[in-house]
Amino acid sequence: MKKQHNLTVMHWGTWQVQARDGNIEAVTPVPWDKNPSRIGQSLPDAVTSKTRIRRPAVRAGYLQNGPASREGRGKEPFVEVSWEVALDLLARELNSVKARCGNEAIFGGSYGWASAGRFHHAQSQLHRFLKCFGGYTASTNTYSSAAGERILPHILGPLSPLHRQHTHFSELARECQLFVAFGGLPLRNAQVNGGGANDHMLKYWLEKMQAQGTRFINISPVRNDLSAVESAEWLAVRPGTDTALLLALCYVLINESLYDSGFIASHTVGFAPYRAYLMGESDGVAKTPEWAAAITGIEAQRIAALAREMASQRTMVNISWSIQRARQGEQAYWATVALTALLGQIGTPGGGLGFGYACTNLAGAARKAFSGPRLPAGENAVNQVIPVARLSDMLLHPGEAYEFDGQHLRYPDIRLVYWAGGNAFHHHQDINRLCEAWRRPETVVVHEQFWTAQAKFSDIVLPVTTSLEREDIGSGGHDGFMIAMSAQIPPVGEARDDYAIFCDLAERLGCGERFSEGRDAGQWLREIYEASRPRAREEGIALPSFDEFWRQGVLEYSAPEKPQVFLADFRADPQRYPLSTPSGKIELFSETIAGFGYRECPGHPWWDEQEEAWQRQEAARWPLHLLSSQPRTRLHSQYDHGSVSRATKIQGREPLWMHPQDAQARDISEGSVIKVYNARGAILAGVHLSEQILPGVVQMSTGAWYDPLDPAEKGSLDKHGNPNVLTEDRGSSRLGQGCSAQSCWVEIAPWRDALPPVTAFDPPMFIQG
C-alpha cells in the first residue's frame, strides 16, 4: 500500500517519524499525548545499530553437530547462513520432533510484549503457525500478575475483565476523598499499554485529583513510587508485609464496629470464619495493629488511625501488581478484597478498590474498551499448558508432577523451543538456573531484531523487522485510537516480517494454505480491519472503510457516554448482576480454595508465619531486601541498547537505589560500582544514594541485558546488572505458581577490581561455515 502518513505505534506511544536513506533521523510525540514517554527517543540510534541482527544465523556447534551440541548455547560463535539454509534446517527439526515425540514436545513460548501492531504481533503469528502445524505446549498467565490472576476468579472475578472495569479517573477526581495506594502509583509503569498508549493521562489525573482535594497515602518501601503527588503521605512498609497490614486494618474495622455489616450480609459470603481468624479465635493470634506493627515496621497507632480514616470518608484502595509478585502474593490481593468489602464502598463513585491503577496506561482511562482488529488464532490441538513462570522447572524436570490451582499436572518433555517476541532472559527469575534449563531441549529457535542474551543462547536465529519497517494497524484496548502504520524505512539487512517467515516455513511443512489462507500481509490488514467493524459497532464505534481509514491515518473514538464505576451494577443488585465466583458474591472464605488442601492457601486471607520465618532466615544471611521494579527508560528489556536507557547507566551499569545508611556501613559512595550477590549469583551495578528508600531495602529496574563475564563459566558474574540473576525461581504458591521476584535478599560490597567492559550490546562472534 502507498505510504500515507509518518506515524508509528509503540507500546509506549505514537510517534511522528522523520526518515531518510533508510535511517530514522528523529521521532516526535503526537500532539494529543498529554505526557509523552521518553522511551521513543531511543528509536533513531537503536533501530539500525550494531546490535541489529541482519542475517539468519546458526550456532556453529549446532550447524555441525545438531542437538548433540546443546551445551554450547551461549558460549559458541555463530555462522551466518542464507534464508534457504536456515528455513530448511528449521523445517527438518520441526518435522523430526513431531514425528518422534509429538507436538506436545514443541514449546511455543514467546511470552512478552513484542512489537505493537495488530497483525504483526509476533506471539500471535507464532501461535497461529504452530496450531496449523498440529499444536504446541503453551503457557498461561503472566509474569506481571499471575498470583492475582489465579486468586481473583475464586473470590471476585477474572483480573483482565476487572482491570478494564476500573472506575474512571474523572469519577475519582469528583468523588474520591482518600486514595490509599499499596505499592504506590508509579508514573514509569503507566508509560505503556499493550498495543499502544496514545494519551498518557496518569500524571494529569493525579494532579487534578490532588487539586480537587483528594488525599493520597503511599504504602511502599519507596517514596518515589508516588512521585506525581508531592503531598502524599509515605508509610514505609517493609517489603512483603502488606498482607499483615491489610489484615490488621480489617481487624480494626471489625473490632471497632466500623465495617458495613449490611454490605457484608448482602454482597459477601464467608464472613464468620474470616472474622474468627482475625480475632485470633481460630489460631490464637489476634491480627491487631500491635501484631502488624512488629511485622511491617509501621506504628500500631498509625495502623489503627488509618483504618478509621478509611471508614470515615470515600476511600479508594489500590494494590499494585508488584506486591503479588512475591511469595504468598495471592494473599495480599485477597486481603485487599476483604478490606474493601468491609469498608462497604465497592461500587460507589470514587470508592472501592483497584488492581493496578498506574500499572499500565489502561486502568481508569475514560476510553472505550474496543481493542481493534484481531488475527484469527485457530485451535490448539495440544491441551498441555504450563504456568508461565515455571519455564525452568518444565525444562529441567520433564515428567515431574506439580500442583497448580487445584490441578495435579505433569511437566511435558520439551524437545524444541520456538520463541518469537519477548525475552526469557529478561522475564525469568534465577538466570543462572535458566541457563542450565535452556540447554536441555534439542533445539532453540528465536525470531529477534537485536542480539539479546536470548538470541545469543539460541541455535537458530532469524532476523525480523521492527514496527518501523512494515505496515500494520496500531490499536490497544481502552486506548481510544486506531493508527495506520506505514513502513518508515526498508527492512534492515535481510530482516523479514514474522508473517513472511512463517509463510515460507509453512510451505515447507505442508500447511502453507492453512496458515496464509492465500493472503499476503496487505490483504490480511484489510481482512482483519473489516472483520473488526461489527465488534466496533457493538461499542458504538462506526469505523470507516479500510481505504478511508488508511487515508485518514488516525481514528479517535468518542469517549463513553457514561463514566464507569467499578462493580456499580453488582452493588446495586447482586442478584441480577452476580459475580462469576461460585457464590455469585465476594468470597471472604472460599470453599473451593479450602478444598485444594494447600497449607499455604487456606480458605481465607491469612499471614503465613512459616514463610515469614523462612524470609527471616534469608535476611540473616543476606541483609538487604532487593526489589526489582519496572524501568523508567525502556519497556522491560526493549531498547535497553537505546540512547535513553544507556544515558541512565552508571559507569555502564544498571543503577541501584540504596539508602545512605546502608551505603555508609559498607563504604559505598554515590556513583560507584558495586557487587550485588547472593547464593544464586552476582552482578555489578552502579549506586544511586537516596533517602526515598527504606533502610535495609535496595531497588533496581529489570531489563538490563544479561551480560556474563565468562559465558563458559557456570554462575558467571553478570557485569551489566540484571537483577533476575539474583531473584528466586520459586512459585508464589501452589495456587498461583506466579513469579516471586520481590522475595529476594542480597548483600552488597564495593567493586575494587578493574571494571570489565560491558558487551551486552555487541553481536556474537561470527565464523565461516
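This is a short talk on how domain 1 and domain 3 meet in this protein chain.

First, a caveat. The model is predicted.

Now the layout. The chain splits into three parts: domain 1 covers 37–136 + 372–470 + 491–532, domain 2 covers 146–368 + 565–596, and domain 3 covers 622–750. I'll stay with domains 1 and 3. Their C-alpha centres are 28 Å apart.

How many residues of each domain are in contact? On the domain 1 side, 41; on the domain 3 side, 38.

Next, area. The size of an interface is often given as the accessible area lost when the parts come together. Here the buried area comes to about 3,200 Å². Carbon and sulfur atoms account for 54% of that. Which residues of domain 1 lose the most area to domain 3? They are His426, Gln429 and Asn432. Together they make up 20% of what the domain 1 side buries.

Arg734 and Glu403 form a salt bridge through their side chains, at 3.3 Å from N to O.

Which elements build the domain 1 face? Five of them supply at least two residues each: α1 (43–46), α16 (391–396), β15 (401–404), α17 (424–427) and α18 (431–438). Helix α18 gives the most, with 4 residues.

Last, composition. The side of domain 1 that touches domain 3 holds 17 nonpolar, 14 polar and 10 charged residues.

Terms used
Residues numbered from 1 in each chain as written. Predicted model: local features only at pLDDT ≥ 70, side-chain atom pairs only at ≥ 80, totals over all residues. Heavy atoms only, no water. Domains from an automatic or database assignment. Contact = heavy atoms within 4.5 Å. Buried area = accessible area lost by both parts, 1.4 Å probe. Salt bridge = Lys/Arg side-chain N within 4 Å of Asp/Glu carboxyl O. Nonpolar A, V, L, I, M, F, W, Y, C, P; charged D, E, K, R; others polar.
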